[in-house]
Amino acid sequence: MAVPMTERKRSALTRGRLPTYTPHVVAGSAIVVAAALMALIGFNAFGWGVLSAVLFAAGNVASSAIVEGRRKAVDKLVTSVVVGAFLVALLPLVSVIWTVLVNGVPGLLAPGFLGTSMNGVTGAVDNASVANHTPVLGGVYHAMLGSVLITLWATVISVPVGLLTSIYLVEYSADNKFSKVITFLVDVMTGIPSIVAGLFAAAFFGLVMGPGTKTGFVAAVALSVLMIPVVVRSSEEMLKIVPNELREAAYALGVRKWRTILKVVIPTAISGIASGVTLAIARVIGETAPLLVTAGFASQINSNVFAGWMASLPTFIYTQIMTPTSPSNPDPSAQRAWAAALLLILLVMLLNLGARLVARIFAPKTGR
Amino acid sequence: MSKRIDVSDLNVYYSDFLAVEDVNITLDAKSVTAFIGPSGCGKSTFLRTLNRMHEVIPGARVEGKVLLDGDNLYADGVDPVTVRSQIGMVFQRPNPFPTMSIRDNVLAGVKLNSRRMPKSDADELVEKSLRGANLWNEVKDRLGKPGSGLSGGQQQRLCIARAIAVSPEVILMDEPCSALDPISTLAIEDLINELKDEYTVVIVTHNMQQAARVSDKTAFFNIAGTGKPGKLIEFAETATIFNNPSQKSTEDYVSGRFG
């Protein structure tokens with residue numbers, strides 16, 4: 001009868017390995033040493049963090065090289081580099097969000113900011129609110145409305161054009177010369193600087209409607225020039241991954257090609273197409289340059305995209321910062337600009353969340 | 001229902017490549033015909049020419065005649081959609097529509113063509129087709145659930161139900177059991193035996209026992225070498241093909257001494 005073996009105190013399997021608490025020890029000493037070094041050259045928190053991280057990585061790699069050997073040390077070195085690169089990439093994002101939050105929240109919470117326009121808010125009003133320490137007046141309602149309307153019209157123009165183009169490319173073109181030309185031009189369009197799209201729309205409507213035509217619709221056309229290639233590309237990819245078997249299954253039932261596309265291919269790909277469209281919207285809603293030359297600026301509410309200048313969030317931010325309402329007291333304008341920036345980021349974030357939701361709602365169900 | 005198919009002098013091409021050469025064959029109504037042969041010999045390609053699915057592939061074309069009860073499928077002015085609504089097909093891998101429920105999958109042939117159908121008729125058609133595919137008892141309590149949630153064998157029977165719901169004359173099956181386990185395979189083979197009372201069934205299979213079990217007649221296809229066209233070598237009663245074939249290559253293939 002076999003005697004059950006007892007567990008050995010020092011396992012042969014972990015020989016030549018650093019004990020599991022090593023990283024904690026290294027991290028602790030790295031922080032202390034970094035603090036000491038920083039004290040010598042003048043302390044600041046950011047430098048302390050960076051120095052600690054570098055010392056921690058170096059200590060980890062060195063200790064591993066001494067005890068565990070070359071292979072483990074290289075592993076830890078590469079891990080440190082990868083994590084470090086990730087943190088560096090994250091830094092601007094966190095910094096931007098933090099700055100906008102700190103500067104934007106007071107303005108966003110100011111009474112009437114979301115519900116009023118800049119109509120009647122003059123330099124004198126801003127001067128008075130600074131002098132009397134009363135809340136800053138004026139709001140972004142007109143700009144928000146403008147942004148939403150312009151983007152909505154841009155979507156109304158871009159989605160049919162983009163979706164039909166991608167259907168032609170995937171379902172009908174059979175990779176002919178014409179489709180290659182379209183694909184090439186779409187790629188070129190993706191790279192068009194946004195100001196060029198704005199100039200195109202301004203020049204086009206200038207020719208057709210008379211010079212200096214600036215309306216929300218002109219801006220929507222400019223944005224759709226930027227949006228169409230994104231919609232084409234994303235829908236094309238989504239239609240391509242619909243398995244051919246499904247098309248054949250529909251054909252074998254005696255279903256016509258256009259009905260197959262409409263009722264089998266598109267429903268199967270709709271979740272990807274919808275989230276692609278939402279991301280395209282998020283991409284253009286923050287465009288500034290094309291709106292400056294197509295929709296102009298406005299301080300009052302304009303809900304008609306076919307007549308009159310129209311404000312939008314990006315141009316609102318731009319004008320508030322560049323030409324403060326009261327040149328002698330720019331603080332109220334800056335506060336409004338930061339709040340509008342925060343609002344824009346929130347809108348884009350909501351759109352991204354919306355894209356995920358849409359993708360989840362439309363995704364083919366797999367439950368039993 | 002069920003019609004015979006007469007094929008004469010059929011050549012099948014992929015662009016310039018001749019894939020299947022000079023096929024002459026008669027597939028009887030209300031019978032099961034099996035196509036056997038090594039991979040790449042053109043059985044599936046030939047099968048797909050019988051309901052004009054071959055031409056879905058870019059550059060693919062066909063020369064010759066395929067008569068469905070005397071009507072040439074490849075005559076001028078014949079709409080492939082009409083042909084396919086009379087000659088249904090079941091594919092190698094089960095392919096239920098992922099966006100549709102079990103019920104909608106069965107009704108796909110009707111719904112996708114936007115034909116209106118009263119709910120009672122639709123219910124009747126669903127039950128009849130699912131019973132016809134031996135699937136009714138397994139799914140009758142969850143007709144609203146997605147078809148992709150079924151097991152592989154059930155999905156394949158769902159595809160058969162979908163094919164017979166449009167009441168075709170002929171059902172083509174392209175290796176319908178190759179992705180299934182032996183029990184699901186048995187269920188489908190039983191089903192094929194029942195289907196031949198009403199339909200003309202043509203089945204491509206790599207499984208010679210299966211051909212022997214389910215078919216009345218068997219066609220053996222072979223290929224002389226890579227790049228050469230596939231040919232129909234021998235076509236006879238299944239018993240003859242397996243017990244007393246007239247061609248040496250058929251005998252080699254069915255006895256496993258191939259190559």
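Begin with chain A and chain B shown together: in this predicted model, the area buried between the two chains is about 2400 Å², and carbon and sulfur atoms give 60% of that area. If you select the residues in contact across this boundary, you will pick up 21 residues of chain A and 32 residues of chain B.

Next, turn to the charged and polar pairs that cross from one chain to the other. There are three salt bridges between chain A and chain B, and one of them can be found by selecting Arg256(A) together with Asp79(B), whose closest N and O atoms lie 2.7 Å apart. The count of residue pairs in polar contact between chain A and chain B, with both residues at pLDDT 80 or more, is six.

Now hide chain B and colour the side of chain A that touches it. Helices α9 (244-252) and α10 (257-285) of chain A each supply at least two residues to this side, and the largest share, seven residues, comes from α9(A). By residue class, the side of chain A that touches chain B divides into 10 nonpolar, four polar and seven charged residues.

For the last stop, select helix α8 of chain A, residues 216-240, and within that helix pick out Glu236(A). Is Glu236(A) buried or exposed? Glu236(A) counts as buried because its relative accessibility is 5%, which is under the 20% cut-off for that class. To see what surrounds this side chain, display Ser166(A), Leu169(A) and Val170(A), with which Glu236(A) is in contact when its neighbours within four places in sequence are left aside.

How values were computed. Residues numbered from 1 in each chain as written. Chains lettered and ligands numbered in written order. Predicted model: local features only at pLDDT ≥ 70, side-chain atom pairs only at ≥ 80, totals over all residues. Heavy atoms only, no water. Contact = heavy atoms within 4.5 Å. Buried area = accessible area lost by both parts, 1.4 Å probe. Salt bridge = Lys/Arg side-chain N within 4 Å of Asp/Glu carboxyl O. Polar contact = N/O pair within 3.5 Å; in protein donor to acceptor, adjacent residues only side chain to side chain. Helix = DSSP H or I, 4+ residues; strand = E, 2+ residues; numbered from the N terminus. Nonpolar A, V, L, I, M, F, W, Y, C, P; charged D, E, K, R; others polar. Buried < 20%, exposed > 50% of the residue type's maximum accessible area, 1.4 Å probe, protein only.
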